[in-house]
Amino acid sequence: MNKCFKSLTFSLLLGAVVAFSGTAARAQTSLIDSLFATAPKAELPLLEVNSRLDMLDLYNYKMTAKGETLFGKYAYLDSKSDHSLFVRLTGASTWEMMRLEAPGFPEKLLCLHSLTGSVAQTTVRLYDTAWQLDTTTVLPTFRLDDFVNTTDSIDDDTMADLQRLLSVRHLVVAGEEATASHSVVRVSLPTLHLGLENRRRLEPHLHDLLLTWDGRRFDHPQAVARKEEPQKF
């Protein structure tokens, strides 16, 4: 009887130690990990919390960081730092989170849900660190001219085609740099839907924009060479 009691006591104690160790390990989880795990379902409907935790564990152990989606397929955590995180949700969509910090302003969270392929565009949402949606306008209003190289000599027909075929209503936004003091996004005008011939003719006249976070919004646009658009994974 005494032996049974000791065995039971030991088992309970071992279980408590294991549980405590798991709690301690979670307590050491980085902030970016915690934010990813607690993102609201409305923001990441395809990934349940357990799948996100699986992805974080695998990534932190330098393994292929995949998690099962509600569709029974896999999403992949491709990159993670203290200030940003990038997920391939499906073969045609990605999700990116950036921590936005600026001296004198509260930290914000930027979430970018992008559709890739021929119908490319990004949904931009801003939150506070408690995942309360912030309806502040985070990006400026753009015109087509903002993406056209003003140093080029563009003939009237080419300019007319740019205006006819392209629209700033659907833009692609991606994280470019995320640190404790500097957050930059790249804004692109998608052209994959134009077809190869039109792309070859029109893209040389276009550039992307880099925008820097100032604590309230992204501003200070800087024109940079375009990046090649991803077509598939």
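A crossing of two helices is called right-handed if the near helix is turned clockwise from the far one by less than a right angle, and left-handed if it is turned anticlockwise. In this predicted model, H2 passes H3 in a crossing of the right-handed kind.

Helix H2 covers residues 31-38 and helix H3 covers residues 49-60. Their axes come within 8 Å and cross at roughly 155 degrees. Angles over 145 degrees count as roughly antiparallel, so H2 is roughly antiparallel to H3.

Which residues in H2 and H3 meet? From H2 come Asp-33, Phe-36, Ala-37 and Thr-38. On the H3 side they meet Val-49, Arg-52, Leu-53, Met-55, Leu-56 and Asn-60. By type, the residues of this contact of H2 with H3 divide into six nonpolar, two polar and two charged.

The two helices belong to a protein chain with five helices and 11 strands. Of the 233 residues in the protein chain, buried residues make up 40%. Contacts in the chain can also be sorted by separation in sequence: among those between residues at least 6 apart, 47% join residues at least 24 apart.

Lys-62 is not a glycine, although it has a positive phi of about 60 degrees. Is Lys-62 buried or exposed? Its relative accessible area is 78%, and residues over 50% count as exposed, so Lys-62 is exposed.

Another positive phi in a residue other than glycine is found at Trp-131, where the value is near 65 degrees. Trp-131 also lies in a loop, the one between strand E6 (121-128) and strand E7 (133-134). With 9% relative accessibility, Trp-131 counts as buried, because the limit for buried is under 20%.

A pair of aromatic rings is described by the distance of the centres and the angle of the planes. Rings pair if their centres lie within 6.5 Å, and by this rule the count comes to four aromatic pairs.

Definitions and conventions. Residues numbered from 1 in each chain as written. Predicted model: local features only at pLDDT ≥ 70, side-chain atom pairs only at ≥ 80, totals over all residues. Heavy atoms only, no water. Axes fitted to C-alpha atoms, helices over the stretch in contact; angles between N-to-C directions. Helix = DSSP H or I, 4+ residues; strand = E, 2+ residues; numbered from the N terminus. Parallel < 35°, antiparallel > 145°, perpendicular 65-115°, else oblique. Contact = heavy atoms within 4.5 Å. Nonpolar A, V, L, I, M, F, W, Y, C, P; charged D, E, K, R; others polar. Phe/Tyr/Trp six-rings, centres within 6.5 Å; stacked < 30°, edge-to-face > 60°. Buried < 20%, exposed > 50% of the residue type's maximum accessible area, 1.4 Å probe, protein only.
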